[in-house]
Amino acid sequence: TVRVIYQVDPGPAIAASPGRLRLAGVSGTGIPDADTAGVLNAGNGALGSLQQPIPDQLWLSARVDSSAGPPAVVVEADPAGLTAGTRNGTVVLRSTQSQVQPDTLRVSLATVAPPTIHRSPGVLAFHVLAGDPVPADTQAISVFDPAGRPTGSLGVSPSGDSAWLHVEPASGTAPATVRVWPIAVPDASDTAYSATIRILGSLAPDTLTATVKYYVELGRSPLI
């Protein structure tokens, strides 16, 4: 009796590593999230070149990156037009060689609702007598999302009749404290100067405003 052992060579096979990518984003913002999966050979033989990856969802895109050595697949998810929630998709990886077994990379995208930026207070007021020194008075505006969601970068800028005030910081992230103080006393009397501070978060849909009033009053003579 002669025993014969027949071993089948599995041949080359694509294997994504990791086999699943988990991406995140803020719904409706159009700010994508991306990650990379390596491409390995799970069998024997040459893989050949990779074809253009094929995603199965409109919010998914993928491309091959061989710039850093072994091939990899860069996957990007775009949350524009999507509601908050978790959704799944796949990206099929194929070789230009027909004998190479393909692989499917699984992708999940978790999106949260866009933040709602609040500011408090909405109105600040400074008072000074005409001819007096600049008041040493600093007031603050709190900027925050009540749910603690990321707001992205904040932009803070004064507008209107604002040469008399200073605002800082001009940028940052929420929660934040915006400090405001006067830097000059205008040459006028019994006048209320008004400026607007605009606050915008890169992930928030709306621009907030806060009003700053500067009351310059005539000095009052004492009664005789």
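**Figure 1. Surroundings of Ile199 in the predicted model.** Ile199 is in contact (heavy atoms within 4.5 Å) with Arg119, Ile141, Val143, Leu154, Gly155, Val156, Asp206, Thr207 and Leu208, leaving aside its neighbours within four places in sequence. This is a predicted model in which local features need pLDDT of at least 70 and side-chain atom pairs count only at pLDDT 80 or more, whereas totals for chains, interfaces and linings use all residues. Residues are numbered from 1 along each chain as its sequence is written, and side-chain values use heavy atoms, with hydrogens and water left out.

**Figure 2. The nonpolar cores.** A nonpolar core is a set of buried Ala, Val, Leu, Ile, Met, Phe, Trp, Tyr and Cys residues joined through side-chain atoms within 4.5 Å; buried means under 20% relative accessible area, exposed over 50%, and partly exposed in between (1.4 Å probe, protein chains only). The largest such core has 26 residues, and Ile141, Trp164, Val180, Ile197, Ile199 and Val212 have the most contacts inside it. At least two residues of this core come from each of the strands S10 (123–129), S11 (139–144), S12 (153–160), S13 (165–168), S15 (176–182), S16 (191–201) and S17 (207–217). S17 supplies the largest share, five residues. Another core, of 21 residues, lies apart from it and includes Ile14, Ala16, Val39 and Leu109. In soluble globular proteins, nonpolar side chains tend to be buried together.

**Figure 3. Leu200 in strand S16.** Leu200 lies in strand S16; strands (E, at least two residues) and helices (H or I, at least four) are DSSP runs, numbered from the N terminus. With a relative accessibility of 40%, Leu200 counts as partly exposed. Leaving aside neighbours within four places in sequence, Leu200 is in contact with Ser153, Leu154, Gly155, Asp206 and Thr207. The C-alpha atoms of Leu200 and Ala84 are separated by 21 Å, and these residues are 116 residues apart along the chain.

Figure 4. Ser27 is placed in the loop between strand S2 (20–26) and strand S3 (33–41), and Pro79 in the loop between strand S6 (72–77) and strand S7 (85–93). Ser27 counts as buried because its relative accessibility is 8%; Pro79 is likewise buried, with a relative accessible area of 1%. Not counting residues up to four places away in sequence, Ser27 touches Pro79, Leu82, Thr83, Ala84, Thr111, Val112, Ala113 and Pro114. Pro79 and Thr111 are 32 residues apart in sequence, with a C-alpha to C-alpha separation of 7.1 Å.

**Figure 5. Leu23 in strand S2.** Leu23 belongs to strand S2 and counts as buried at 4% relative accessibility. Not counting residues up to four places away in sequence, Leu23 touches Asp33, Ala34, Asp35, Val75, Glu76, Ala77, Val107, Ser108, Leu109 and Ala110. Between Leu23 and Thr151, which are 128 residues apart along the chain, the C-alpha separation is 18 Å.

**Figure 6. Thr86 in strand S7.** Thr86 lies in strand S7 and counts as exposed, at 59% relative accessibility. Leaving aside neighbours within four places in sequence, Thr86 is in contact with Leu109 and Ala110. Thr86 and Trp181, 95 residues apart in sequence, are 45 Å apart in space, C-alpha to C-alpha.

**Figure 7. Two cis peptide bonds.** The peptide bond joining Ser17 and Pro18 is cis, with omega about 0°. Pro18 is in the loop between strand S1 (14–17) and S2. A cis bond also leads from Glu168 to Pro169, with omega near 0°. Pro169 is in the loop between S13 and strand S14 (171–173).

**Figure 8. The chain as the setting for these views.** The protein chain has zero helices and 17 strands. Its C-alpha atoms fill a box of roughly 135 × 30 × 30 Å along the principal axes. Buried residues make up 33% of the 224 residues. Among contacts between residues at least 6 apart in sequence, 67% join residues at least 24 apart.
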